[in-house]
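Hi everyone, thanks for making the time.

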Amino acid sequence: MQRIAVMTSGGDAPGMNAAVRAVVRAAIHYDMSVVGFKRGYNGMLMRSRDTHDDFDIMTRKSVSDKIHRGGTFLMTARCLDFHKPECQKQVIQNMHLLGVEGVIGIGGDGTFAGLKALADQGFPTIGIPGTIDNDLEYTDFTIGFDTALNTACECINRVRETSDSHERASLITVMGRNCGDIAVHTALACGAEYVMVPEAPWSIEEIAERIKWGVLNGKRSTILVMAEGAFASLTSDVKAICEAHESLKDIATDTMTGFKLASIIEALSGQETRATVLGYIQRGGSPSAQDRILGSRFGARAVELLKEDTYGRAIGIRENRIIDVPFSEAVGHPQPLNRPLMDLVGILGK
């Protein structure tokens, strides 16, 4: 191949810039030119009046001073139109128009689904996993997960100090959508007493009892880590609990939130409980050394695969070895719960 393209799509993740940098510099090393598309599939559809709003020809200088920066300098967005077959065909036409012979996309499951659709139509694509959620089964880690984990740990360390000072419980909601990996790893790294994830059932009553037990045994503070999708596996009858406690009568139970849950836990446990939602702070910031290295390794390998005329593959890592699998093994296969780590949180948090 003489010309390839790179883009970032879906949610941003620290380390994406390192991957883009690796793609560009590895491609130039192999005498390929590189087109950098902006805003993911939106840029590839080339709908802007000014082509510079859609893509740039990348040089070594284009990716200078980028490896340590968070987010993605190519920008990112979601593109619902790309689900339409006619839009996919338009993208392939645009690639041929620009002389692009293969595309490397960096993102999560949705991004990979789009790349698979192009590959199924005969256009060469390679996927690099870039998502803080670490929700792809085929790979041990995705770009951005390590940074998000470190950010969450730093925030919880600060919350722990004030919780200890005030002798209270703290409920910390972390990101991850329907995957509990961030929550489980964060809970273990921070010494949390309890973790709630969407993949395993949990109850408010059990949490309250854990807090009571801790207080009786001299604990001054309790850290509870909750994945943002964890309410899907809540087994408690919230309405009945609220009706049984006068202080909870005004809490609406149709849509649960971390703040409502904190009030219910406080009523059942007797310990003051405060809720904190970390939110998008986990996506930002300079990527960790691990994510910079991972992005660099993934990017270079993606270029090598296109150079070898191998495509329709997703890059990943297993036991510190870079691997690649067909998109059929990557798309639609969520990361299962790491039960040993989940159990370890419970054992060590008592």
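Let me begin with a definition: a helix here is a DSSP run of H or I with at least four residues, and helices are numbered from the N terminus. With that in hand, Q88 sits in helix α3, residues 85–98. One thing to keep in mind throughout is that this is a predicted model.

Let's stay with Q88 for a moment. Is Q88 buried or exposed? Buried means under 20% relative accessible area, and Q88 counts as buried because its relative accessibility is 10%. Setting aside its neighbours within four places in sequence, Q88 is in contact with F82, H83, A117, L118 and Q121.

Now to the interior. As general background, nonpolar side chains tend to be buried together in soluble globular proteins. In this model, the largest nonpolar core has 56 residues, and the ones with the most contacts inside it are I4, I104, I128, V195 and V225. Which helix gives the most to this core? That is α5, residues 145–166, with eight residues. There is also a second, separate core of 29 residues, which includes V91, L136, Y138 and V325.

Not counting residues up to four places away in sequence, V195 touches A183, V184, A187, V225, M342 and V345.

How many residues of β8 are buried? Six of the six are, so the strand is largely enclosed by the rest of the structure. Both faces are covered: T222, L224 and M226 are buried on one side, and I223, V225 and A227 are buried on the other.

And here are the strands that pair with β8. β6 runs parallel to β8, joined by six bridges, and A169 stands opposite T222. β7 is parallel to β8 too, with three bridges between them; there, Y194 stands opposite L224.

Side chains of opposite charge can pair when their charged atoms come close. Searching the whole structure gives 23 salt bridges, and I'll pick out a few.

R177 is in the loop between β6 and α6, D133 is in the loop between β5 and α5, and the two are 44 residues apart. R177 also forms a salt bridge with D135, where the closest N and O atoms are 3.3 Å apart. D135 is in the loop between β5 and α5 as well, 42 residues from R177.

D133 is buried at 7%, and D135 counts as buried at 12%.

Next, E193 and K219: their salt bridge has its closest N and O atoms 3.0 Å apart. E193 lies in the loop between α6 and β7, and K219 in the loop between α7 and β8, so the pair ties together parts that are 26 residues apart in sequence. E193 is buried, with a relative accessible area of 5%, while K219 counts as partly exposed at 28%.

There is a network of salt bridges too, linking R301, E304, E308, R313 and D324. The bridge partner of R313 in β11 is P326. Two residues lie between the strands of this hairpin, and E319 takes a positive phi near 50°.

Finally, the outside. K239 is in helix α8, residues 238–244, and counts as exposed at 52% relative accessibility. K239 and K249 are 10 residues apart in sequence and 9.3 Å apart in space, C-alpha to C-alpha.

The surface has a nonpolar patch as well. Which residues form it? They are L344, I347 and L348, with about 290 Å² of accessible area together. L348 belongs to helix α12, residues 339–348, and is exposed, with a relative accessible area of 59%.

Notes
Residues are numbered from 1 along each chain as its sequence is written. This is a predicted model: local features need pLDDT of at least 70, side-chain atom pairs count only at pLDDT 80 or more; totals for chains, interfaces and linings use all residues. Side-chain values use heavy atoms; hydrogens and water are left out. Patches are made of residues with over 30% relative accessible area and no salt bridge: like charges are joined within 9 Å, nonpolar side chains (Val, Leu, Ile, Met, Phe, Trp, Tyr) within 5 Å. Accessible areas come from the Shrake-Rupley method with a 1.4 Å probe; for residues, only the protein chains shown count as cover. A salt bridge is a side-chain nitrogen of Lys or Arg within 4 Å of a carboxyl oxygen of Asp or Glu. Buried means under 20% relative accessible area, exposed over 50%, partly exposed in between (1.4 Å probe, protein chains only). A nonpolar core is a set of buried Ala, Val, Leu, Ile, Met, Phe, Trp, Tyr and Cys residues joined through side-chain atoms within 4.5 Å. Contact means heavy atoms within 4.5 Å. Two strands pair if DSSP finds at least two bridges between them.
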